[in-house]
Amino acid sequence: MNARIPTGGLALALSSVALALPAAALAGNGGTAPPTPAADGPVDPAFALSARHTAFLGQALKVAGTDHNAAGQTVTLETRQGAGPWLSAASVAVAQNGSFSTSWRPPSDGQFQIRGVLAGASSASDSPSSSAPRTVVVYKPSIATWYGPGFYGKRTACGRRLTRTLLGVANRRLPCGTQVQISYHGRTLVAPVIDRGPFAHHAQWDLTAAAAKQVGMTVTSRIGAAPLDLSLQPPGL
């Protein structure tokens with residue numbers, strides 16, 4: 001599709017209260033819910049881990065947990081992105097009451113898994129001394145425009161026919177079909193990359209009119225955006 005002139009002026013309001021929406025709440029905002037990675041081994045049901053479901057790049061995410069059978073031992077916080085290996089992110093001692101708390105600063109935007117593993121386990125991936133993994137979506141603050149009028153009925157760069165009801169986003173580099181989670185002023189949407197752009201105002205994303213309406217965006221705005229793991233996506237468009 002040809003270069004588009006974005007609609008509206010610039011509004012740089014970014015809501016931080018939208019960060020804790022669980023994946024289950026996404027379907028009500030349109031689009032599809034992000035896939036939830038499955039655990040890759042047995043876990044200890046008494047080993048509980050808690051953290052927010054979302055974070056912004058550059059911010060530390062607080063991670064807490066309990067394991068009443070592990071007082072005085074050391075818990076290693078592990079993270080991984082997609083189908084990559086588990087990587088150690090932090091270590092913390094378990095208090096006598098079985099609680100522990102640490103933090104993790106995500107290295108990039110996207111979809112991650114986090115879990116706790118007790119030190120001394122022979123293999124972190126299949127040890128029963130690990131917590132169930134949690135999914136965390138990490139947003140990158142970005143400028144977004146929206147488009148639609150004047151382009152309805154035309155084909156996008158990814159081969160979709162643009163309509164008033166089509167939910168999608170345009171990006172200059174992500175493959176067509178990549179699912180992207182958008183957060184704006186307390187509303188969250190997951191939609192696929194269907195087009196190339198945007199091409200003005202130094203914006204990184206261009207939402208279709210339907211996608212912009214779902215999150216309540218009426219002018220060029222600062223949003224949170226996170227491409228979801230390609231290894232967990234269904235086949236392309």
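**The disulfide and its setting**

Author: A disulfide joins Cys158 to Cys176, with an S to S distance of 2.0 Å; the term denotes a pair of cysteine sulfur atoms within 2.5 Å. This is a predicted model, in which local features need pLDDT of at least 70, side-chain atom pairs count only at pLDDT 80 or more, and totals for chains, interfaces and linings use all residues. Residues are numbered from 1 along each chain as its sequence is written, and side-chain values use heavy atoms, with hydrogens and water left out.

Reader: How many disulfides does this rule give?

Author: The count comes to 1 disulfide.

Reader: What is the handedness of the link between Cys158 and Cys176?

Author: The link is left-handed, with -75 degrees about the S-S bond. Cys158 lies in the loop between β9 (134-147) and β10 (169-170), and Cys176 in the loop between β10 and β11 (179-184), so the pair ties together parts that are 18 residues apart in sequence. Strands (E, at least two residues) and helices (H or I, at least four) are DSSP runs, numbered from the N terminus. The protein has 1 helix and 14 strands.

Reader: Is Cys158 buried or exposed?

Author: Buried means under 20% relative accessible area, exposed over 50%, and partly exposed in between (1.4 Å probe, protein chains only). Cys158 is buried, at 17%, whereas Cys176 is partly exposed, at 35%.

Reader: What percentage of the residues of the protein count as buried?

Author: Of its 237 residues, 47% count as buried.
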